[in-house]
Amino acid sequence: MNQEHGAERATPLTRIIDATLQRAGGWLPFDRFMALALYAPGLGYYANASRKFGHMPSTGSDFVTAPELTPLFGRALAVQLAEALAKTGTDELWEFGAGSGALALQLLDALGERVARYRIVDLSGSLRERQQQALAAHAGKVEWLAELPAEMRGVVIGNEVLDAMPVQLLARSGGAWVERGVVRSGEGFAWEDRPTELRPPVEVEGAHDYLTEIHPQARAFVATLADRLKAGAAFFIDYGFPEAEYYHPQRHMGTVMCHRGHEADGDPLADVGAKDITAHVDFTGVALAGQEAGLEVLGYTSQARFLLNAGILPMMEQATLAERTLAARLIHEHEMGELFKVIGFAAGAPWEALGFAEGDRSHTL
Ligand SMILES: C[S@@+](CC[C@H](N)C(=O)[O-])C[C@H]1O[C@@H](n2cnc3c(N)ncnc32)[C@H](O)[C@@H]1O
């Protein structure tokens, strides 16, 4: 009976995770589990055919992102990207993790002839078809790549990409640091901690029990990008904090969250492949990874400040009331305005970027 029940609940994705667990001796660090849950070919959350992005659960979507919410996001961002293209003498945009294609469409519409090529790099092959439909009007300019070429020139953009990169979990338990991983338990998966030499990048004050994440994959991604980007700039927008805030003693439960049907939960081991798994971004780590690999930080600020600097207010004044209401969520402190941040990098000599002209917080990194 139990076995039958177990067989019913098993999915092709959980079978792949089981096989990987077995090969690894029964325990997987969380980043390997998260990578399979999100990106196992054809089956992981970002590799399967589910809808994911949208306004309402009734459309079958799980969460909304800024470009899905309102085209004013892309229009305001385009002001910064136009400046970046001009300052760096480049004419290509590179978008990582392009989702439904909404941001690409907004940017291509806004930037017109200033963009000669729009290249999309995404781990998710299943989203490509959706992006091709969304971008049909610009088909001649758009190109898809499964991985980074050896050399790139242009302006890079990534909205909510860094938060989708697998993280390792570290716990301080009874005063000792352990790495939290995943084991099979009956019909499901369970947590198991192992001793580790790994530590958060800054000391976490106190001796109380504490759970947090480290982000080697996001750092490696930024370092690789920095290495390949021979001229241009890069802008990443995401939720997160500088490391002093990230590893604050009071943030003792970590930031890993799941999203499904526009509801959030904290259990990545359940309904694997059917929901998004994310962690907040350590922007100090991102800045350091970029700098160590040769990029210059152009600025770091809240999404609200960045969009205001880019002139979203006059754009909102021209918009309908309904559009204005949605755009207000991008800059409202209690919605996306403060939790979301923007970091900008230059490949080559730095310049004064308009998005960080007022309220630059680079000194907090
Ligand atoms: C939360 S979604 C954001 C989608 C879109 N940017 C938006 O704002 O609606 C994260 C996307 O990042 C992609 N992604 C994650 N890691 C990536 C990587 N290393 N390179 C390219 N894309 C990646 C995922 O496949 C997914 O499409």
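Me: Which residues do ring pairs link into a cluster?
Reply: Keep in mind that we're looking at a predicted model. A search of the whole structure turns up 15 aromatic pairs. Some ring pairs join up into a cluster, and its members are F30, F33, F189 and W191.

Me: What kind of aromatic pair do W177 and Y210 form?
Reply: The two ring centres of W177 and Y210 are 6.5 Å apart, and the planes make an angle of 75 degrees. Planes over 60 degrees apart count as edge-to-face. So with 75 degrees between the planes, W177 and Y210 are edge-to-face.

Me: How many residues apart are W177 and Y210, and which strands hold them?
Reply: W177 sits in strand 9 (residues 176-185), while Y210 belongs to strand 11 (residues 210-214). The pair links distant parts of the chain, with a separation of 33 residues.

Me: Is W177 buried or exposed, and what about Y210?
Reply: The cut-off for buried is under 20% relative accessible area. W177 has 13% relative accessibility, so W177 counts as buried. Y210 has 2%, so Y210 counts as buried too.

Me: Why is the pair of F306 and F356 called tilted?
Reply: The ring centres of F306 and F356 are 5.5 Å apart. Stacked needs planes under 30 degrees apart and edge-to-face needs over 60, with the rest counting as tilted. The planes here are at 55 degrees, so the pair of F306 and F356 is tilted.

Me: How many residues apart in sequence are the parts that F306 and F356 tie together?
Reply: Both F306 and F356 are buried. F306 is in helix 11 (residues 303-309), and F356 is in the segment after strand 18 (340-347). The pair therefore ties together parts whose separation in sequence is 50 residues.

Me: Where is E160, and is E160 buried or exposed?
Reply: E160 has a positive phi near 55 degrees, in a residue other than glycine. You'll find E160 in the loop between strand 7 (152-159) and strand 8 (168-173). Its relative accessibility is 15%, so E160 counts as buried.

Me: What is the phi of D271, and where is D271?
Reply: D271 is in the loop between strand 14 (263-265) and strand 15 (276-278). At 46% relative accessibility, D271 counts as partly exposed. D271 is not a glycine, yet its phi is positive, at about 50 degrees.

Me: How far apart in space are R51 and L127?
Reply: R51 sits in the loop between helix 3 (30-39) and strand 2 (52-53), and R51 is partly exposed at 38% relative accessible area. In sequence, R51 and L127 are 76 residues apart. Their C-alpha to C-alpha distance is 9.2 Å.

Me: How much of the ligand's area does the protein bury?
Reply: An oxygen atom of the ligand is 2.6 Å from an N or O atom in the T65 side chain, and a polar side-chain atom of D122 is 2.7 Å from a ligand oxygen. A ligand nitrogen is 2.8 Å from a polar backbone atom of N159. Taken alone the ligand exposes 600 Å², and the share buried by the protein is 95%.

Me: How do the residues of the shell around the ligand divide?
Reply: The ligand is surrounded by 19 residues, and Y39, T65, G97, D122 and N159 are the closest. The shell divides into 12 nonpolar, five polar and two charged.

How values were computed: Residues numbered from 1 in each chain as written. Predicted model: local features only at pLDDT ≥ 70, side-chain atom pairs only at ≥ 80, totals over all residues. Heavy atoms only, no water. Near = heavy atom within 4 Å. Polar contact = N/O pair within 3.5 Å; in protein donor to acceptor, adjacent residues only side chain to side chain. Areas by Shrake-Rupley, 256 points an atom, 1.4 Å probe, with all protein chains shown as cover. Nonpolar A, V, L, I, M, F, W, Y, C, P; charged D, E, K, R; others polar. Phe/Tyr/Trp six-rings, centres within 6.5 Å; stacked < 30°, edge-to-face > 60°. Helix = DSSP H or I, 4+ residues; strand = E, 2+ residues; numbered from the N terminus. Buried < 20%, exposed > 50% of the residue type's maximum accessible area, 1.4 Å probe, protein only.
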